[in-house]
Amino acid sequence: MKKGRGRTSRIRRRKLSRSSESRGVNESCKPEFIELKKWLKDRKFKDPNLIPARFPGTGRGLMSKTSLREGQMIISLPENCLLTTDTVIRSYVGAHIAKWQPPLSPLLALCTFLVAEKHAGTRSSWKPYLDILPKAYTLPVCLEPEVVDLLPKPLKAKAREQRTCVQELFTSSRDFFSSLQPLFSEAVESIFSYSALLWAWCTVNTRSVYMKLQRRQCFSAEPDTSVLAPYLDLLNHSPNVQVKAAFNEDTRCYEIRTASSCRRHEEAFICYGPHDNQRLLLEYGFLATRNPHACVYVSEGHFDEKIEG
């Protein structure tokens, strides 16, 4: 038998093939990630476990530098790295938000801050984080109407609801945006445009983590639970992993512990929740392959005959 053609060799090649498919390309040397790591280091964040990488199938994510054990802490992000409504109120837009009536929602406050900081460019202290955020999103709300028309009926209805929600938010916020004019030399209409608000809305909705904050009187009664977590938000979703994620009041860090093991140089995942693909597309802009929570939505009136048991 010729060398390299036996059963053992075939098994070895299959293992190597599967391994290479799951490994990513290290992107930690890219300028934007170098700047982000410097920014995080200045805020006392250290990450011995993960590095930015690009993976086949999932795109940009975080790769394990070492084997991760079940129950191991994979990331611990200090409180001063988190972008919360407290961050917004302490900023230059905070006083305008605090006095506005009727009170803004926590979501709109975060969106306002993101748009303002993105416009600030190099003057923004959050620039290293803003630079690694997506320039565009793939949620149905971002699709052209003719593309939405091609979606299945239940998903199409949800996509139209989503678009109406963002459009109404923009329309109802115009007077508030106008009140911010003293903060800018340019016309606020050119800064707080619909496309700018849509980008910020998608950023908060797709990349935030859950963290319950104490309600401020300057905000509406909507739950204040969305927090942006730089670097941590590079972790992609897998329905097949489990993690424990929460803000630790003792360490003052947002911490994630894995309930699954992860081999060295493989992508580290978290689970966004037991979501079917319709919900994943609506809330995050992607579909999960081999999703154990997949289901089929049937429109009302789809079946003309009642099925007798």
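**View 1. Arg-207 is a buried residue.** Its relative accessible area is 13%. Buried means under 20% relative accessible area, exposed means over 50%, and partly exposed lies in between (1.4 Å probe, protein chains only). This is a predicted model, in which local features need pLDDT of at least 70 and side-chain atom pairs count only at pLDDT 80 or more, while totals for chains, interfaces and linings use all residues. Residues are numbered from 1 along each chain as its sequence is written, and side-chain values use heavy atoms, with hydrogens and water left out. What does the side chain of Arg-207 meet in a salt bridge? The partner is Asp-233, at 3.3 Å from N to O. A salt bridge is a side-chain nitrogen of Lys or Arg within 4 Å of a carboxyl oxygen of Asp or Glu. Helices (H or I, at least four residues) and strands (E, at least two) are DSSP runs, numbered from the N terminus. Asp-233 is buried too, with a relative accessible area of 10%.

**View 2. Arg-252 forms salt bridges with Glu-79 and Glu-249.** The closest N and O atoms of Arg-252 and Glu-79 are 2.9 Å apart. Arg-252 sits in the loop between β8 (243–248) and β9 (253–258), and Glu-79 in the loop between β4 (73–78) and α3 (85–90), so this pair ties together parts 173 residues apart in sequence. For Glu-249 and Arg-252, the N to O distance is 2.4 Å. Arg-252 is partly exposed, at 35%. Glu-79 is also partly exposed, at 34%.

**View 3. Trp-39 and Trp-126 form an aromatic pair.** How many aromatic pairs does the structure hold? There are eleven. In the pair of Trp-39 and Trp-126, the ring centres are 5.1 Å apart and the planes meet at 55°, so the pair is tilted. Trp-39 belongs to helix α2 (residues 31–42), while Trp-126 lies in the loop between α5 (106–120) and α6 (127–130), 87 residues apart. Rings of Phe, Tyr and Trp (its six-membered ring) pair if their centres lie within 6.5 Å; planes under 30 degrees apart count as stacked, over 60 as edge-to-face and the rest as tilted. Trp-39 is buried, at 9% relative accessible area. Trp-126 is buried as well, at 6%. Trp-126 has a charge over its ring: the charged end of Arg-43 sits 4.9 Å from the ring centre. A charge sits over a ring if NZ of Lys or CZ of Arg is within 6 Å of the ring centre and within 35 degrees of the ring normal. Elsewhere, Lys-118 lies over the face of Trp-199, 4.0 Å from the ring centre.

**View 4. Helix α11 (residues 277–284) has buried residues.** They are Gln-278, Leu-280, Leu-281, Leu-282 and Tyr-284. What do the buried residues of α11 pack against? They pack against α8 (153–179), α10 and β7. Tyr-284 is buried, with a relative accessible area of 19%. At the start of α11, a side-chain oxygen of Asp-276 reaches to within 2.9 Å of the backbone nitrogen of Gln-278. After α11 comes Gly-285, whose phi is positive, near 85°.

**View 5. Leu-62 lies in strand β3 (residues 59–64).** Leu-62 is buried, with a relative accessible area of 0%. Which residues are in contact with Leu-62, leaving aside its neighbours within four places in sequence? Among them are Leu-50, Ile-51, Phe-55, Leu-234, Glu-266 and Tyr-231. Contact means heavy atoms within 4.5 Å. Leu-62 and Tyr-231 are 169 residues apart in sequence, and their C-alpha atoms are 8.8 Å apart in space.

**View 6. Five rings form one aromatic cluster: Trp-100, Phe-176, Phe-177, Phe-184 and Phe-192.** Trp-100 is the Trp of this cluster.

Note on methods
A polar contact is a pair of N or O atoms within 3.5 Å; within protein, one must be able to donate a hydrogen and the other to accept it, and residues adjacent in sequence count only if both atoms are side-chain atoms.
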